[in-house]
Structures are given as structure tokens and as C-alpha cells.
Amino acid sequence: MSTSVRVYWDDSLTAYDFGPEHPMAPIRIELTMRLARELGLLDQPNVTVEPAPTVDPELLARVHDPEYIAAVRRAGTDPLPESWKYGLGTEDNPIFPGMHEASARIAGASQAAAEAVWRGPENGGAQHAVNIAGGLHHAMRGRAAGFCVYNDPAVAITRLLELGAERVAYVDVDVHHGDGVQALFWDDPRVLTVSLHESGRTLFPGTGFPEEIGGPGAEGTAVNVALPPGTGDQGWLRAFHAIVPHVLAAFRPQVLVTQHGCDSHVEDPLAHLALSVDGQRMAYQALHELAHRYAGGRWVVTGGGGYEVVHVVPRAWTLLMAEVIGVPLDEEIPAAWREYVQRVIGRVAPLRLTDGQRPTVRDWTGGYDPGDWLDQAILATRKAVFPALGIDLMVDL
């Protein structure tokens, strides 16, 4: 069990709502937290649940252009024709009432999570902190993108730097490239951004290729693993272990911030990877271990994408929170939760927390196949960033 975990959650976080036809349905967050509560995760002695505060306006203005923030405020009360210039009012980012307030609470929860982890349990903070509604990694400095209005992971990282962190690592396992976070810290050698995602050749946002390694003076601090469509548990975990532990070891972060979009699952309707919940849980376990190995246990955890709202998101993120908290769970899903799903959205809920898979890791030590698309992707990333970080390209071989 982790020494202390802070979970930021209240019903106000479901106000981030683009409308009934939009994939980013707030019910996915509600069902996740309800399942976590039914399983007793939020009642553990090492867990404190706190409401989401509103982000500090000055901090938000250090991440996003003030002109853009003003446009978000206006759009949520009196939409203007020029809102589209800021990525607002589009199919991806429809305008909704109270858009600024809802987005500012998600950013505020990630800010608070960063502050709690930096203080640590010895100073009234926590060892780990979770904002499951966060992970809005596509928002850029001056525009919304990909269902994301304010970039809460960037808010958390910026706050950590303000508090005195000299090296912050961000690892993003969403199926989509974490382009907004990468762009915001492109020239900052204090921030390592790592993204494992479906290749931009086949999926939004069309970026995240191995040669994207950071700006002048920050080379090697952007790490991108562009995976081929159809990659499943074994291939995904092979890529993770061939890249992530090595770059974290070289960078030596003081804090680990992670984004856990679960849209890499085979049932996700918007992407083309083929992970199981079991494979995703192995990624959570690996990141937890790496947070302790390289960042002194300081771990800020956010959600992200994920659009299969019954069978994937609640199970994946409940397993994530169980890993963060350090509590093993039984396989069976409580009947009360399944009945709630049936009553509220008319769908049959799963009976078990996992998909019953037993993924194995085919690590890099056995060599690689130069004719395999997955191994080509892994090798391209290693060749692009390992020399810049002082890592032996032949490590593991």
C-alpha cells in the first residue's frame, strides 16, 4: 500500500461536457469513480479524496495565451463567430455553457495534485496524487484541439517547475500522441516528454514521429514511439520496456507525471491498437515501479482519452487507481454497479474487471527483427534519442 494518495474528485468535474453525441462523455468518469467507490478504493486508510479546485488564473496564463483564455470565457457565455480561430466551436471541441469554469476545474485538480506530490506526505501532501478527469494533452498554448480546452498536464508540470523541480518527466500512454504537452515544453531541457501512441500516419493528430526529439538545447527530451496499427499487448509492452526505463534512468526525474488514456484498448471506437485491460494494467504497474525507482515515489497521475464508456474506461481506470493506492482487487464487478449501468444507460455491464489475458513481455534482450514494423518503430526511436541522452544504443543487446 502506498504511504499516502490524494484523489481529486467531485461531481463538478462532469460539467466538462461537449454534448450527448460527443465521444468525450462525462459518464465515463462518473462510472469510473462509482466503480472505484463500490470496490472500496476511496475508503482505504491511505486515501484522501478532495474536491477539485479552480486553477490559479496566473498559472493558467503561463501555460495558455491570455487572449485564448479570454476567448474560452466568452465562448462559454456568449459564443462569437471568431471562436473557431481558437479551435472552439468545431466538431471536436463544441462550445458548451460554462466551458471555462469546467476546464479550469480539471486544470485546478492537476495543479493541486502536483502541489500535493511536491510537498510530500511529510509536509501535508501525498506520495501519489490522481486526477482521473485530467489528461487533456492536446490543448495548445493558443487553441483547443482534440477534445482538450486547457492542458492540465502542462499546468501540473509548470507548477512543479515553479515549486523548484529541476527535472520533470512526463510519460503519455494514450493512443494519440501527446502533442500539446510536447509543444509546450519543446525547448525546455527540464522536461522530458515521452509518448507511446499509434503512428500519426494512421491517427490524429498526425504527429509524434521518432525524429521529433526537442528543440535547440533540449535535444533528446522529446521521445516518441509511433506504433503500427494493430499493436497488441505484447508488442506495446515490448516497445515500452525497450524505451521508457532507459530514458528515465538517463534523465533522472524528480517527479513523474503520467497520462493514462485507455483508448489503446482493442474495443475503443476511435483508434486501431489492440491492447487488453490486462496489458494496460501491466503498463500501470511498470510506471508505478519506475516512479519509485527514478522519482523518489513522487507520482502525479491523470486520465486521458478512452471512448468505450462501459467495458473499457471504468475498468481500466479503476485498475489504475488500485495500482496507485496499492490495493489488490477481486475479479468480480459488484452487482450494484452493473445494475446502475443498466438503469442509467441501458447497457449490459461486464462481470469481471479484466479481460482474462496474461500478456508476456518479449523484451529487447533477445535481439530484434529488422523486417518487423514494430521493431522498426522501436529502433527508430532508440536511434533518434538515445545518443542525445547519452544512452548506449546497444543497451539490452
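## Basis of the model

The model is predicted; local features need pLDDT of at least 70, side-chain atom pairs count only at pLDDT 80 or more, and totals for chains, interfaces and linings use all residues. Residues are numbered from 1 along each chain as its sequence is written, and side-chain values use heavy atoms, with hydrogens and water left out.

## The largest pocket

The largest pocket has a volume of about 290 Å³. A pocket is an open set of points on a 1 Å grid over the protein atoms alone, with protein on both sides within 12 Å along at least five of seven lines, and lining residues have an atom within 4 Å of a point. Grid points are joined across faces, edges and corners, and a volume is the space filled by probe spheres set on the points.

The lining of the largest pocket comprises 20 residues, and those nearest its centre are Asp92, Gly146, Phe147, Leu270 and Tyr307. By class, eight lining residues are nonpolar, nine polar and three charged. Here Ala, Val, Leu, Ile, Met, Phe, Trp, Tyr, Cys and Pro count as nonpolar, Asp, Glu, Lys and Arg as charged, and the others, Gly among them, as polar.

## Enclosed cavities

There are three cavities of 30 Å³ or more, a cavity being a set of grid points where a 1.4 Å probe fits but cannot get out. The largest cavity has a volume of about 80 Å³. Its lining consists of Leu13, Tyr16, Met24, Ala25, Pro26, Arg28, Ile29, Ile106 and Ala133; eight of these residues are nonpolar, none polar and one charged.

The second largest cavity has a volume of about 40 Å³. Among its lining residues are Val173, Trp236, Gly261 and Tyr284. Helix H8 (residues 277-294) supplies the largest share of this lining, three residues. The lining of the second largest cavity divides into five nonpolar, three polar and no charged residues.

## Helix H9

Helix H9 (residues 313-325) has 13 residues and reaches 18 Å from its first C-alpha to its last, close to the 18 Å expected at 1.5 Å a residue. That expected span is 1.5 Å times one less than the number of residues. Helices (H or I, at least four residues) are DSSP runs, numbered from the N terminus.

Because 13 of the 13 residues of H9 are buried, the helix is largely enclosed by the rest of the structure. Buried means under 20% relative accessible area, exposed over 50% and partly exposed in between (1.4 Å probe, protein chains only). Just after H9, Gly326 takes a positive phi of about 90°.

## Salt bridges

The count comes to twelve salt bridges, each a side-chain nitrogen of Lys or Arg within 4 Å of a carboxyl oxygen of Asp or Glu. Asp188 pairs with Arg190, the closest N and O atoms being 2.8 Å apart. Asp188 is buried, at 14% relative accessible area, whereas Arg190 is partly exposed, at 36%.

Asp355 and Arg315 also meet in a salt bridge (2.7 Å, N to O). Asp355 lies in the loop between helix H10 (335-345) and helix H11 (373-385) and Arg315 in helix H9, so the pair ties together parts that are 40 residues apart in sequence. Arg315 is buried at 3% relative accessibility.

## Cysteines

The whole structure contains zero disulfides, a disulfide being a pair of cysteine sulfur atoms within 2.5 Å. The sulfur of Cys148 is 14 Å from the closest cysteine sulfur, in Cys262, which is too far for a bond. Cys148 is buried, with a relative accessible area of 2%, and Cys262 counts as buried at 0% relative accessibility.

Key: Helices (H or I, at least four residues) and strands (E, at least two) are DSSP runs, numbered from the N terminus.
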